[in-house]
Amino acid sequence: MRALLVFLCVLVTVMLQGCCVVNQRLADPRTMKFPELNFKIPSTERVVLECGIPVYLLRDTELPIINMSAMVRVGSVYEPAAKAGLSGMVGSVMRSGGAAGTASETMDDELEFMASAVESGIGSDMGTVSLTALKKNFSRTLQIFSDVLLRPDFSEKRIEIFRRQTIESLRRQNDDPKEIAGREINRAIYAGHPLGDITTFESINAIKRQDLVDFHQRFYRQDNMILSVSGDFDRTALLKELNSVFKATTQSTTLVLPEVPQPQQRFQGEILYGKKDVNQTVIRMGHLGLTKDSPDIYAVRLLDYILGGSFTSRLTMEIRTNQGLAYSVGSHFDIGRRFTGSFIAETETKAESTGKALNLMNKIITDLTKEQVTDAELYAAREYMINSFMFGFTNPASIVNQRARLEYYRYPDGYLEQYRDNIAKVTKKDILEAAQKYLHPDAFKLVVIGDAAKFDLPLTSRGSVREFDLKVNIPKP
Amino acid sequence: MKRILIAAVLLASFVTSIDAATLEDKVVEHTMKNGMKLLMVERHTSPTVSAWIRFRVGSVDERSDERGIAHLLEHMLFKGTTTLGTKDYAAEKPILDEIEGVAHALMAEKARRGKDNTAAITALEKQLSTLEAAASKLVIKDEFFELYSKNGGTGYNAFTSRDGTTYLISLPANKLELWAAIESDRLQNAVLREFYTERSVVMEERRRSYDADPESKLWETFVASSYLAHPYGQPTIGWMSDIENLTRTKAEQFLHSYYAPNNAIIAVVGDIDATATIALVERYFGSIKPGKEPAPVTADEPKQAGERRIELIAEAEPTVMIGFHKPSIAAPDDYVFDVISMILGSGRTSRFYKKLVIEKQIATDIGAFDAPGHRYPNMFVISANPRAPHTTKEIEEAVQAELDLLKTAPVAERDLQRILNKIEYEEARRMGTNGGLARNLTEYEATTGSWRYMSEHRGKIAKVTPADIMRVATTYFTRENRTVGFITKKGGDK
């Protein structure tokens with residue numbers, strides 16, 4: 001009986017399928033048409049607190065959560081090379097070293113019991129302090145956020161812990177070949193500029209607590225930051241709370257941000273090699289790029305996508321898909337927001353195909369400076385950029401942070417609103433001109449980490465090679 | 001005073017149980033006649049949608065001569081179908097078959113190690129590359145990707161784990177039909193073209209992710225050494241010689257054994273209408289025939305009866321991993337492990353962080369997690385980096401002291417409450433992204449049998465008592481059940 005039932009079911013399934021196949025209304029992915037979708041950029045509100053801090057607001061009640069962040073005009077570019085690592089230490093110990101008289105342990109316990117988080121950090125040209133909390137815990141978390149931001153205690157004990165951890169990370173800095181290559185290409189491109197400085201045992205040991213206090217005091221001022229808040233808040237209550245937490249104060253000194261020059265464009269090739277006993281070579285090559293203030297950024301974004309910024313880019317298509325020489329290969333123009341950005345092409349390939357991969361990368365990049373891209377390439381890149389634009393606006397926190405960031409870096413008005421139109425205007429000629437202007441394969445800094453004895457072509461066939469020592473010279477404590 | 005406090009706590013949990021119910025309210029479930037499971041959540045925050053398809057097949061399902069095939073097949077399923085990715089499949093097919101023949105002959109020749117057959121190998125390699133070049137002319141490269149990206153698709157990707165294989169994409173909400181068309185075609189008509197080139201790509205992936213990265217290499221060795229019988233021990237990517245011997249024929253067999261609608265779970269989250277989405281998915285996937293129910297893994301890992309110690313000598317500073325076998329996800333003791341994991345390893349208030357990083361300063365970082373999969377009994381793993389001059393041995397001792405403390409001293413109520421508060425926050429937060437929600441729905445539906453694991457989780461955690469923790473710690477945190485892996489620096493510090 002049971003067997004019969006199963007048999008019947010199977011039969012019925014097959015008959016149903018027969019009917020569906022006949023009644024096929026399935027569209028072809030190549031020619032499919034879609035309903036209209038008019039995406040509008042979500043609007044945010046900009047309010048200025050009584051103390052003068054601008055705040056971007058976006059209310060969204062989907063989740064009972066509030067997110068907030070402060071962007072502070074600070075960065076590692078402001079630290080002296082002899083004290084490289086100072087800004088990283090300030091950013092971290094602001095949070096870990098207690099604030100406004102509350103000890104670290106107490107703050108950790110209070111925050112984690114509420115399942116709230118306050119985090120702080122400083123990058124090359126921006127400091128951030130962020131908050132996330134359930135709505136019901138927002139007020140208390142906000143108080144801690146403002147203490148961390150404006151009144152950190154920098155406990156000696158936590159400074160020492162951070163210093164020791166940094167020393168340990170310096171001991172480990174040559175463990176992973178990809179990490180070595182990433183660091184060294186950046187140093188080579190930004191040689192002589194603060195962006196190319198790295199933390200050393202000496203520099204981290206030279207930092208005193210007073211340096212942290214002074215650095216914080218100099219930059220973490222209410223007249224030097226932008227706030228953004230998103231989530232399930234009541235606007236009136238929130239503004240009242242922000243005005244009470246960030247009280248208007250008179251600054252005793254006027255804000256002076258140090259002048260930091262742009263990195264020097266010195267297009268001069270160099271080959272750097274580090275030996276690691278591994279079966280795969282890490283390759284990085286590149287030079288300086290451009291800033292967001294260049295009118296060429298739209299052409300460069302399309303160039304970037306076509307050259308090495310997508311799964312169907314020329315680099316990936318040839319080196320990965322056609323030749324199977326790498327799992328990861330690509331290139332990227334990091335368009336500088338304040339300082340000139342970089343162009344870096346990268347891959348990892350087995351030691352025995354190092355020379356082959358290097359030659360291919362050079363050829364593919366060079367080709368783009370000689371001939372226009374195809375219509376199909378331009379079309380695919382443009383459609384992607386325009387149609388995927390809306391993914392920059394999928395969550396409230398990233399929307400307000402983006403608005404605050406545009407103000408922070410002084411993007412022109414209408415940047416977002418006109419972005420898609422500006423992408424749409426780019427021609428093949430523009431892309432060729434951008435490639436000729438911003439790609440100089442002869443002037444690449446080339447970093448190769450691996451085992452040169454196994455390479456198919458000697459690195460020296462490309463020019464003189466400077467080998468760096470990957471032994472970490474650990475100073476005696 | 002105490003009564004008031006209790007009342008306040010009760011009120012708090014009542015309020016939050018309303019939040020917990022929202023997941024129950026928001027998920028729309030639909031099971032198709034062919035067994036395919038569809039889970040949907042409408043979120044109208046942005047006009048976008050994420051669609052994830054999870055197949056209940058991972059590297060745990062591989063036989064010993066198939067190691068690495070689940071993952072390589074995942075790569076291969078980006079190569080198109082009989083109509084997409086090709087200019088002319090009829091012309092392409094005979095070449096693909098010829099390639100397969102030559103590839104088999106080449107592998108057989110290579111397997112005759114030590115024989116003087118270099119010339120034969122070279123000839124076959126040449127023949128293979130000539131055929132591949134001919135086939136390549138008929139290919140439209142990465143057409144799936146091209147179609148998705150032109151239409152604004154982002155995050156088009158896939159991943160393979162021990163437990164499962166997942167294909168994911170996010171699209172503008174008006175383009176969901178493109179996903180249905182491509183994915184239903186991929187499920188029925190996949191063509192594994194460019195197989196042997198892609199196999200080389202996976203070898204490069206292996207070199208990049210494991211061979212050249214000391215910590216990952218230790219991890220792979222550590223997991224393999226933790227399992228004698230159960231396939232959880234084998235690396236998902238396969239050992240290098242496994243990958244070298246995989247064939248398109250094997251990949252196709254694996255595809256046809258496991259890729260069937262009754263073995264698939266779809267999650268569609270975002271700016272959708274659930275009813276219309278059901279109709280769309282039925283239209284494209286409804287006519288696909290169900291396959292055989294795949295057999296579960298029957299291997300049982302024998303009970304470990306003594307400590308295992310794994311050393312890796314590498315050009316790297318020391319690191320240490322400590323593992324204990326434990327039951328699979330959603331087993332009663334697994335919830336106790338969730339609590340233990342958070343008490344020991346989650347955040348700045350965790351015991352490991354406070355003791356090893358802040359107080360003793362013998363480690364720079366330390367964490368605790370479950371691995372290598374969830375469907376079958378797995379391991380509770382602690383991983384840490386010692387801070388010189390402290391050693392991995394000192395870490396082991398300090399970790400064991402914390403584990404022993406769990407056996408004898410009951411955990412404070414406040415610590416348990418903090419965990420519940422954290423889970424409450426996470427429950428809210430995870431509703432906030434299409435991709436994250438789609439991930440969780442497919443993952444828990446696949447590994448526990450129902451996405452409701454998520455909404456029931458906090459209730460189960462709330463029932464874990466201090467006595468449960470002491471019992472579980474005593475049962476599992478034993479020397480017999482322990483595996484330790486560590487890196488010793490080649491040549492020591494000079």
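Two strands are said to pair if DSSP finds at least two bridges between them. The model discussed here is predicted. In chain A, S9(A) and S10(A) pair in the antiparallel sense over six bridges. One example is A:His332, whose bridge partner in S10(A) is A:Ile344.

These strands belong to an open sheet of six strands in chain A, ordered S9-S10-S8-S11-S7-S12, with mixed pairing. Strand S9 (329-334) and strand S12 (465-467) of chain A stand at the edges with a single partner strand each, so one side of each has no neighbour in the sheet. On average, neighbouring strands of this sheet are turned by 20° against each other, direction ignored. Helix H6 (residues 177-189) of chain A packs on the sheet, and its direction makes about 160° with that of S11(A).

In soluble globular proteins, nonpolar side chains tend to be buried together.

| Core | Residues | Members include |
|---|---|---|
| Largest nonpolar core | 195 residues | A:Leu302, A:Leu303, B:Ala251, B:Ile266 |
| Second, separate core | 48 residues | B:Ile322, B:Tyr353, B:Ala363, B:Ala384 |

Where the chains meet, 64 residues of chain A are in contact with 66 residues of chain B. The side of chain A that touches chain B comprises 31 nonpolar, 15 polar and 18 charged residues.

Technical notes:
Residues are numbered from 1 along each chain as its sequence is written. Chains are lettered from A and ligands numbered from 1 in the order in which they are written. This is a predicted model: local features need pLDDT of at least 70, side-chain atom pairs count only at pLDDT 80 or more; totals for chains, interfaces and linings use all residues. Two residues are in contact if their C-beta atoms, placed from the backbone, lie within 7 Å. Ala, Val, Leu, Ile, Met, Phe, Trp, Tyr, Cys and Pro count as nonpolar, Asp, Glu, Lys and Arg as charged, and the others, Gly among them, as polar. A nonpolar core is a set of buried Ala, Val, Leu, Ile, Met, Phe, Trp, Tyr and Cys residues joined through C-beta atoms within 7 Å. A residue is buried if 20 or more other C-beta atoms lie within 10 Å of its own, exposed if 12 or fewer, and partly exposed in between; C-beta atoms are placed from the backbone. Helices (H or I, at least four residues) and strands (E, at least two) are DSSP runs, numbered from the N terminus. Axes are lines fitted to C-alpha atoms, for helices over the stretch in contact, and angles run from 0 to 180 degrees between N-to-C directions.
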